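Thank you all for coming. I would like to take you through one model this morning, beginning with a pair of helices and ending with some backbone details.

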Amino acid sequence: MSYRKGLHDLGTGCFAWLQPDGSWGWSNAGLVVDGEATLLVDTLFDLPLTAAMLAAMRAAVPSAARIDTLVNTHANGDHCFGNELVGATAIVASEACAKEMGEVPPEVLAQLVANADALGPVAAEFVRKAFGSFQFRGITLTPPTETFSGESIRQVGAKEVHLIEVGPAHTRGDVLVHVPVDRTVFTGDIVFANAHPIIWAGPVANWVLACDRLLAMDVDTVVPGHGPVCGLEAVGALRGYLVYIESEARRCFAAGLSREEAARAVALDDYASWGDAERIAVNMAALYRELGDASPPPNPLEQFTLMAQLARDRRS
């Protein structure tokens, strides 16, 4: 399947909405259909992007004119800021996701972009490149109407759709959306395909277990939160990355390196083809917390500043 923007028919009554290049904010979504019944997996980072996606779905799938259920896989805005446009009968998420969803509202990101110059030229350029394409003004954050913990099964026509909570990992409330009869799973940001993941929450062991759970599934098609539609081989590659950086974090921590020094010391040559390598800064900070680092956790501005510096240094 080509990695192009737009709606992709997976051939089973499932559809993927892809947004290349899959970097910051350019997330994927999904649609599960059986007869007149519909379930939408995630919305997008702003209202124009979500409106365009919904229009394309309705043009291709008439029953998508009415979305019965919307599932948010996690609380990051690029997977839920468009919720208000869907008009679903139910918006479903894990309980942990629902609690986390309001912590970084659209207004915060709008202010971050508007005030980027205060971060200095390097970080300002990075923030604008990551978030400047999105319209955060005018969004009404629309939270879940139903929550669950553990697992929940939703009926979409005759299809069972399994919602499986695997967080905290990427965020505190990550959920997989598995459609067994269609041999398809929508992973949210538990899977980044061809891109470095980012550990906002952790622990990394939970993320590895989430990968193991995916690898045990009898599926042909994996729709990641970012990147092209793939198979389980991409899950295996991501698992390998997580195991590797955890081992490297332990090595750096034992050697007395700071988390910032560790972010620069970890070799990522085996993942050179993956995008967004600067996320190693956030990942090292998360892993250092797990290892008992006593220094105060970096705030978001510090995280973005260090990522910006790393991205600049890797280009030079």
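Predicted model: local features only at pLDDT ≥ 70, side-chain atom pairs only at ≥ 80, totals over all residues.

Let me start with this: in a right-handed or a left-handed crossing, how does α6 pass α8? The crossing of α6 with α8 is right-handed, a term used when the near helix is turned clockwise from the far one by less than a right angle, left-handed being the anticlockwise case.

Residues are numbered from 1 along each chain as its sequence is written, and side-chain values use heavy atoms, with hydrogens and water left out.

Back to the pair: the axes of α6, residues 232-254, and α8, residues 280-290, come within 10 Å and cross at roughly 65 degrees. Axes here are lines fitted to C-alpha atoms, for helices over the stretch in contact, with angles running from 0 to 180 degrees between N-to-C directions; helices (H or I, at least four residues) and strands (E, at least two) are DSSP runs, numbered from the N terminus. On the α6 side the contact is made by Tyr241, Ile245, Glu246, Ala249, Cys252 and Phe253, and on the α8 side by Ile280, Asn283, Met284, Leu287 and Tyr288, where contact means heavy atoms within 4.5 Å.

Also in α6 is alanine 254, which counts as exposed because its relative accessibility is 71%; exposed means over 50% relative accessible area, buried under 20%, and partly exposed in between, with a 1.4 Å probe and protein chains only.

Now to α4, residues 121-131, where the buried residues are Ala123, Ala124, Phe126, Val127, Ala130 and Phe131. These residues are on the same side of α4 because they cover an arc of only 165 degrees around the axis, the arc being that of the directions from the helix axis to the C-beta atoms. The face turned away from that buried side carries the exposed residues Pro121 and Lys129, whereas the buried residues of α4 pack against α3 (106-114) and α9 (300-315).

In α3, the buried residues are Pro106, Leu109, Ala110 and Leu112. Seen down the axis of α3, these fall within an arc of 160 degrees, so they line one face of the helix, and what covers them includes α4 and α9.

Which side chain does arginine 154 join through a polar contact? The partner is glutamate 146, at 2.9 Å, a polar contact being a pair of N or O atoms within 3.5 Å, of which, within protein, one must be able to donate a hydrogen and the other to accept it, and residues adjacent in sequence count only if both atoms are side-chain atoms. Arginine 154 is found in strand β8, residues 151-156, and counts as buried because its relative accessibility is 18%.

Finally, the backbone. Most residues other than glycine have a negative phi, and most peptide bonds are trans. Aspartate 42, however, has a positive phi near 75 degrees; it lies in the loop between β4 (37-41) and α1 (47-60) and is buried, with a relative accessible area of 2%. A cis peptide bond joins glycine 167 and proline 168, with omega about 5 degrees, and another cis peptide bond joins glycine 202 and proline 203, with omega about 10 degrees.
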